[in-house]
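I opened my notebook to look up a few things in this structure.

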Amino acid sequence: MTEKPILRVLAGNDVWPPPVWLMRQAGRYLPEYRAIKDSSGGFIARCMSPDLATEITLQPIRRFGMDAAILFSDILILPWALGQDVRFTDGVGPVLVPIRNAAALDALEPSRVAEATAPVLETIGRLRRALPPACTLIGFCGAPFTVACYMVEGGGSRDFPETRGMAYGEPALFDRLIDMLTRTTTDYLSAQIWAGAEVVMLFDTWAGMLSPSQFLRYVVAPAAAIVSELNARHPGVPVIGFPRLAGLYAGLYAERTGVDCVALDTGTDPARAAASVPDSVALQGNLDPIALIAGGAAMRQEISSIVGALRGRPHIFNLGHGILPQTRPEHVAELVEFLRSC
Ligand code: 1CP
């Protein structure tokens with residue numbers, strides 16, 4: 001049996017204390033990331049440089065000894081690789097030339113993805129050689145609905161009216177976009193696994209915005225298709241799903257998609273999720289990123305309550321959403337130390 005704690009949990013074992021990594025553990029809250037960022041061109045250039053992306057991925061592993069490394073990349077690398085114009089501007093976030101009609105959708109080129117993402121696969125291979133033996137390498141993609149949100153809206157938004165308007169008003173067009181993303185996401189995750197990713201994660205950040213019927217159609221069905229095809233191509237490689245803001249549906253999501261682990265967001269009660277998700281499916285999460293900013297007794301209290309609720313189940317400790325840039329690295333060290341002393 002593997003000695004890697006994260007893989008043991010994902011195989012359905014309960015490991016105590018739970019292994020830990022944090023969403024967005026590489027990034028702006030680390031001075032060593034900011035030092036690279038200021039001298040390395042844009043965000044996409046950093047993602048596409050195997051030297052820089054390898055180094056940035058390793059930074060939190062060196063500093064905190066996390067149980068998993070997550071590839072330094074972004075969910076919007078896929079639209080970029082498909083040929084959509086994607087830019088990252090400091091202080092603004094991602095800006096994309098939006099896809100709002102059939103002509104714009106037809107102009108995307110799934111056949112470009114393999115070549116455009118070759119440097120990412122090179123980074124994955126280097127990481128596998130560089131990581132400590134107990135550390136698991138996680139690859140990832142955005143889930144089709146969340147990626148479609150950015151592609152149609154042209155950037156971040158509070159409630160993505162253009163995207164959700166397209167799903168209601170032009171369902172055939174929106175279905176075509178989701179189907180194309182389902183296929184390209186499957187192939188890109190499969191390539192990440194061939195390159196050395198030991199686990200893959202699907203980030204569906206905006207899953208909780210949909211009506212119940214659209215949740216089944218645009219979140220559950222694409223994830224189920226991706227998981228079943230990955231399981232066929234790569235038996236035994238676990239998939240983590242993160243249907244953010246959809247805690248009510250954790251059990252349904254787990255059962256219908258076939259993921260090996262459901263990542264819980266901050267607002268989901270872990271005990272309730274544990275009651276609705278089959279015992280063989282691991283749970284990941286779900287400390288409030290703001291509690292990590294606060295640190296100290298308040299943070300320790302929250303950690304104790306999460307690990308207490310999930311004790312006896314396969315559990316990977318994590319946040320309920322990504323680390324915020326104002327987080328003090330000392331608080332991350334405190335989190336890891338406290339958890340390992342539990
Ligand atoms: O240079 C920079 O600091 C730019 C900030 C940044 C970083 C560090 C962006 C822009 N992306 C990333 C990395 C990233 N993004 C990772 C790598 C792992 C790590 O850093 O440890 C991962 C897994 C993501 C995933 C991601 N990107 C999601 C899904 C998870 C989530 O947080 O909800 C989403 C929605 C994005 C889009 C995105 N990329 C970047 C920003 C600022 C955003 C959010 C835009 C918005 O406001 O909607």
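A disulfide, as I use the word, is a pair of cysteine sulfur atoms within 2.5 Å. This is a predicted model, where local features need pLDDT of at least 70, side-chain atom pairs count only at pLDDT 80 or more, and totals for chains, interfaces and linings use all residues. Residues are numbered from 1 along each chain as its sequence is written, and side-chain values use heavy atoms, with hydrogens and water left out.

Cysteines. I looked for disulfides and got zero. The cysteine sulfur closest to that of Cys261 belongs to Cys135, and at 16 Å it is too far for a bond. Cys261 is buried at 0% relative accessible area (buried is under 20%, exposed over 50%, partly exposed in between, with a 1.4 Å probe and protein chains only). Cys135 is buried too, at 3%.

His315. I found His315 in strand 9, residues 315-319 (strands are DSSP runs of E, at least two residues, numbered from the N terminus). His315 is buried, with 3% relative accessibility. A polar atom of its side chain sits 3.0 Å from the backbone oxygen of Gly285. Beyond four places in sequence, the contacts of His315 include Val9, Pro18 and Leu283 (contact means heavy atoms within 4.5 Å).

Ligand. Which backbone did I find 2.6 Å from a ligand oxygen? A polar backbone atom of Ala26 is at that distance. For Gln25, a backbone N or O atom is 3.0 Å from an oxygen of the ligand. The protein covers 86% of the 890 Å² of accessible area that the ligand has on its own (Shrake-Rupley method, 1.4 Å probe).

Methods: Helix = DSSP H or I, 4+ residues; strand = E, 2+ residues; numbered from the N terminus. Polar contact = N/O pair within 3.5 Å; in protein donor to acceptor, adjacent residues only side chain to side chain.
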